Amino acid sequence: MRIGGQPLLYVYECQWDKNHSPCGMHIEGDQANVTDHLARFHGFTGGEGDTTCLWDGCTSKKRTAMKGTSIARHLVTHIGYKIKCTACNVDYAREDACRRSHANARSDCQRMQIAPVHGTGVITLKVSTCEPPAKKRHVADAQTQNSIYRLS
Ligand SMILES: [Zn+2]
Ligand SMILES: [Zn+2]
Ligand SMILES: [Zn+2]
């Protein structure tokens, strides 16, 4: 979607530990960005140990026994970000799940069209107003990604 010809960026305000140490940052809703954000700003590096979900308003029964490896996926459900195939109108939690389902016989859909579905807390930013920091961030990502934050 474009408004006034400018590409938009869809982000969410981080609600991690909002009452104690709110980070107030905007993050993109997909799992890769959430994983990166957790590692970088909340000290998460994955692992199998139990950890507590500190997302504001979390009511999950497993809140205090989250696996470090699955917490990013869990946060994506808080954010409400999903992937939809607009050809067959089916929602998926992640893009790879959509691709997998379409690649095998479970789906009759021949014309997969992947589109993001945004959660209710989505904030739209004009790329032109936030481009310099975003660019810097991506350069930083490229430098650190391979050495430190390879989680998957
Ligand atoms: Zn945060
Ligand atoms: Zn939670
Ligand atoms: Zn489809």
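Let's start with one pairing: Val11 has Ile123 of strand 9 as its bridge partner. This is a predicted model, and its protein chain holds four helices and nine strands.

**Strand pairings**
- Strand 9 covers residues 123–126, and strand 2 pairs with it in the antiparallel sense over four bridges.
- Strand 2 also pairs with strand 3 (residues 26–27), again in the antiparallel sense, this time over two bridges.

**The chain as a whole**
- If you walk along from the N terminus, the elements come in the order β-β-β-α-β-β-α-β-β-α-β-β-α.
- The protein chain has 152 residues, and 18% of them are buried.
- Take the contacts with a separation of 6 or more: 52% of these link residues 24 or more positions apart.

**Helix 1**
- Helix 1 spans residues 31–41, and its buried residues are Gln31, Val34, Thr35, Asp36, His37 and Leu38.
- As background, an α-helix has 3.6 residues a turn, so residues three or four places apart point the same way.
- After helix 1 comes Gly43, with a positive phi near 70°.

**The largest nonpolar core**
- This core has 16 residues, and the ones touching the most other members are Val34, Ile71, Ala72, Leu75 and Val76.
- Strand 2 (6–13), helix 1 and helix 2 (71–79) are the elements that each give two or more residues to the core.
- Helix 2 provides the largest share, with five residues.
- For context, nonpolar side chains in soluble globular proteins tend to be buried together.
- Val76, one of the core residues touching the most other members, is in contact with Gly29, Asp30, Gln31, Val34 and Tyr81, once you set aside its neighbours within four places in sequence.

**His78, a residue to look up**
- You'll find His78 in helix 2.
- His78 counts as buried because it has 20 C-beta neighbours inside 10 Å, and 20 or more is what the buried label takes.
- Skipping neighbours within four places in sequence, His78 is in contact with Trp55 and Cys58.
- Gly121 sits 43 residues away from His78 in sequence, yet the C-alpha to C-alpha distance between them is 9.8 Å.

Note on methods. Residues are numbered from 1 along each chain as its sequence is written. Chains are lettered from A and ligands numbered from 1 in the order in which they are written. This is a predicted model: local features need pLDDT of at least 70, side-chain atom pairs count only at pLDDT 80 or more; totals for chains, interfaces and linings use all residues. A residue is buried if 20 or more other C-beta atoms lie within 10 Å of its own, exposed if 12 or fewer, and partly exposed in between; C-beta atoms are placed from the backbone. A nonpolar core is a set of buried Ala, Val, Leu, Ile, Met, Phe, Trp, Tyr and Cys residues joined through C-beta atoms within 7 Å. Two residues are in contact if their C-beta atoms, placed from the backbone, lie within 7 Å. Two strands pair if DSSP finds at least two bridges between them.
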